[in-house]
Protein chains: 2
Amino acid sequence: MSTSNNRVAIIGAGTIGLSFAALHLTKNPRSNVSIFDTRPNLEQYIESKLPGYLVDVDQADCLSRLRIVQDLAEAVKDASIVQEQGPENADFKRSIWPKIEQHAPEAALFWSSTSGIVASEQSKDMQDKSRLVVVHPYNPPHIMPLLEVVPSSVTSQEVVDRTLEYWRGLGRVPVVIRKECTGFVANRLAFALLREACSLVAQGVVSVEDLDSVVQASMGPRWTVAGPFKSYHAGGGEGGLESFMQKIGGTVQECWDASDNDVKQGGIEVGRTWQDDVFRQTEKAYGVIDTAERDRKTKAVLQAVSK
Amino acid sequence: MSTSNNRVAIIGAGTIGLSFAALHLTKNPRSNVSIFDTRPNLEQYIESKLPGYLVDVDQADCLSRLRIVQDLAEAVKDASIVQEQGPENADFKRSIWPKIEQHAPEAALFWSSTSGIVASEQSKDMQDKSRLVVVHPYNPPHIMPLLEVVPSSVTSQEVVDRTLEYWRGLGRVPVVIRKECTGFVANRLAFALLREACSLVAQGVVSVEDLDSVVQASMGPRWTVAGPFKSYHAGGGEGGLESFMQKIGGTVQECWDASDNDVKQGGIEVGRTWQDDVFRQTEKAYGVIDTAERDRKTKAVLQAVSK
């Protein structure tokens, strides 16, 4: 990795900002990270929260490479990477990039962690729109390897290439999304399955907890090892995915049709009454979740599959 | 576990039958398994195929508890469990259960591995319809822990309870599906995500291989540790799933709407032209898949999460 990518300015110190700060500090031992946020008592807040993200590492070394800054120009002035995770608000994002552009070095990469406000929208008031690219994490980024890299139609290829190079150098999995579409890819896929899950629970086919057990004992481990296309390609034997669809396609279409019908009949839209029972069942089954245990197990799973 | 559940008759020696035979032989060391099938050269076929399923175990011990039988009555006469995975054909299944019922002991459990022909349909010509329950695996069952247990409205609770007890005793994850619905739960969920995956690839948003990378680096490991409801419940912090939906619900609904629109516009139905490019990309990316490596990695993942 080129040494020029080692000065990271984190804009916005919410949970995603802190998780990204931890990721750079721990996976890139030569990095220096500045964190900018307008919240009061910023230092105290970061000093109390950040160590929770620095597990199994030399915390003192990490913290020695961290700078907490309450001035945007100061935060970005030496940066080789500016990574933004402010409010999910188009006006905020449109207004902050020209300021960053004004103070950051010319070669700095500009990344937004947005889950939905595309680069072409955010960059409207920038002088050089080709510099901005969305880098959308799967939370929390210091644990989950995926980064959806979503250029606008004018983002430069060089920006995309340097972005991929940085993340690959840190052992992460950056994936280029070729079109700026609603929700990008990971959320679109996950929410499609979530809708079916809500529909099946709302119909009383399965409980919330049993549905989670189904996924944990089947698709979860399978898709950790091989994504859906690769899995069904294997399922088709020598004829691959085409053979799978020839054999099972009828059942697949029946499921899709049943799904459409059930979603329509059940009124499975956000905010409708079916939600109440799903919320109640989930709260009863899980109470407050220990994310530290979740993260520890996720690390173990990722380690197991990488061997 | 009661000793009465140790004599298993496997009806149908295809890949699922052999995988189940291997599962009983390896996870239940007191089991005796008979395999019935009408194919020619049955012994030779099983002797060549079955050892591939008996990995990291005492093969000689397993094979000493196996009997290969070419007469249905003989296969089931001492059975405490009869597990059927014949052709996915309602007439075949309706006709075989009365024969099995005639020859099997009165207390034997009757399980069908069907992925879609429900117990109420299969049991129509049985004397005692309360004995039959669907036990649908996630392939291959000697690796994947999930078993969808799908009773008909007349399946006896005792049959369901004994079925759950057996599988839990073997360390598997049996889940009761409360209504006989199209595709049961695992396939409904997986195919809902598959449709979205096909739609996004067909639109050129992402390549087949990159889509698989997205899933392997995000939902796969996440859902191995915590299913979708549990995951989003954690994502909502102290307010849980309800809080998550209050914050992110707008985005969720936008994704659902975009999904409906794209599926419609793209004609994402089985057998349409979009398939050709998906098949081509998949074949080019993966060729022929090594399922032994997939199974080895899946075992490692399951071991990691169970710790």
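**Conventions.** I worked with a predicted model in which local features need pLDDT of at least 70 and side-chain atom pairs count only at pLDDT 80 or more, while totals for chains, interfaces and linings use all residues. Residues are numbered from 1 along each chain, chains are lettered from A, and side-chain values use heavy atoms, without hydrogens or water.

Helices (H or I, at least four residues) and strands (E, at least two) are DSSP runs, numbered from the N terminus.

I took a salt bridge as a side-chain nitrogen of Lys or Arg within 4 Å of a carboxyl oxygen of Asp or Glu. The count over all chains is 34.

I noted a salt bridge of 2.8 Å, N to O, between B:Arg188 and A:Asp262. The pair runs from helix 8 (residues 186-202) of chain B to helix 12 (residues 240-266) of chain A. Both B:Arg188 and A:Asp262 are buried (under 20% relative accessible area with a 1.4 Å probe, protein chains only; exposed is over 50%, partly exposed in between).

I recorded B:Arg294 with B:Asp295 at 3.1 Å; B:Arg294 is buried at 11%, and B:Asp295 at 13%. A:Arg272 meets A:Glu269 at 3.5 Å; A:Arg272 is partly exposed at 42%, as is A:Glu269 at 40%.
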